[in-house]
Amino acid sequence: MMLELQERVTELENWKDGKGLIICGAGNTFCSGSDLNAVKAISNSQDGMNMCMFMQNTLTRLMRLPLISIALIQGKALGGGAELTTACDFRLMTPGSEIRFVHKHMGLVPGWGGATRLVRIIGSRAALQLLSRAHGVDPERALHLGLSEGTLSSSDETGSLEEARAWLSQYTEGPASVIQAVKKVVTAGRELPLEAALRTEKDVFGTVWGGPANLEALTRRQKHK
């Protein structure tokens with residue numbers, strides 16, 4: 001799964017016309033994390049660190065994609081699966097679904113960047129509670145914490161995916177060049193020091209100013225309504 005995820009991320013990095021991305025599971029399970037048999041096979045410290053670095057890199061690249069991303073959580077998102085949800089811009093949950101950082105019960109802490117991203121999403125106090133108690137977070141609690149944007153009405157795979165697509169469409173309406181530019185400046189503002197973020201914003205602005213979408217908008221309307 002880790003190698004396949006890396007391959008998909010590489011493909012998405014080269015998707016020039018992309019605007020949005022929905023990550024979902026199969027069989028009513030979002031992702032249950034690492035395979036325990038595989039973990040036992042790499043139980044020495046160096047192999048564990050190599051896996052950690054590999055997945056940190058993959059999920060950081062996923063987070064930085066110039067696409068607006070949703071984790072569509074059906075069933076359980078456990079351990080590494082919970083970490084994966086934090087690498088998306090938004091999270092939507094279905095009735096009966098659960099996010100659970102179970103790392104403590106495995107004698108571990110998140111290592112794929114999930115703890116760092118969780119603190120940025122819900123704050124250090126709430127993140128400490130979720131990681132130290134290792135309790136499941138249902139849709140209502142996730143919404144209260146700001147971990148989820150909403151609970152969909154459908155539980156089945158087809159219905160929930162259709163709802164997620166409709167929800168995502170409110171953010172992806174418009175030319176791909178503009179949507180990707182929006183994501184790039186937000187990513188820069190989140191991750192870079194102020195001066196570097198401002199330079200990035202200027203550079204991205206220069207890629208869309210006078211571009212097809214800008215010129216079309218100027219022709220189509222004289223002022224905002």
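1. In this predicted model, Arg-190 has a relative accessibility of 33% and therefore counts as partly exposed. Arg-190 forms a salt bridge with Glu-191, in which the closest N and O atoms are 3.0 Å apart. Glu-191 is likewise partly exposed, with a relative accessible area of 25%.

2. Glu-191 also meets the side chain of Arg-64 in a salt bridge, at 2.7 Å from N to O. This pair links distant parts of the chain, since Arg-64 lies in the loop between H3 and E2 whereas Glu-191 belongs to helix H9, 127 residues apart. Arg-64 is partly exposed, its relative accessible area being 47%.

3. Helix H9 covers residues 176-191 and reaches 22 Å from its first C-alpha to its last, close to the 22 Å expected for its 16 residues. Its buried residues are Ala-176, Ile-179, Gln-180, Ala-181, Lys-183, Thr-187 and Ala-188, and what covers them includes helices H3, H8 and H10 together with strand E2.

4. Within helix H1, Arg-8 and Glu-11 are three residues apart, about one turn of the helix, and they form a salt bridge whose closest N and O atoms are 2.9 Å apart. Glu-4, Arg-8 and Glu-11 are linked in a network of salt bridges.

5. The largest nonpolar core has 32 residues, and those touching the most other members are Phe-30, Leu-59, Leu-62, Ile-99, Ile-122 and Leu-147. Among the elements giving two or more residues to this core are H1, H3, H5 and H6. A second, separate core of eleven residues includes Ile-68, Ile-70, Ala-164 and Leu-168.

Methods
Residues are numbered from 1 along each chain as its sequence is written. This is a predicted model: local features need pLDDT of at least 70, side-chain atom pairs count only at pLDDT 80 or more; totals for chains, interfaces and linings use all residues. Side-chain values use heavy atoms; hydrogens and water are left out. Helices (H or I, at least four residues) and strands (E, at least two) are DSSP runs, numbered from the N terminus. The expected span of a helix is 1.5 Å times one less than its number of residues. Buried means under 20% relative accessible area, exposed over 50%, partly exposed in between (1.4 Å probe, protein chains only). Contact means heavy atoms within 4.5 Å. A nonpolar core is a set of buried Ala, Val, Leu, Ile, Met, Phe, Trp, Tyr and Cys residues joined through side-chain atoms within 4.5 Å. A salt bridge is a side-chain nitrogen of Lys or Arg within 4 Å of a carboxyl oxygen of Asp or Glu.
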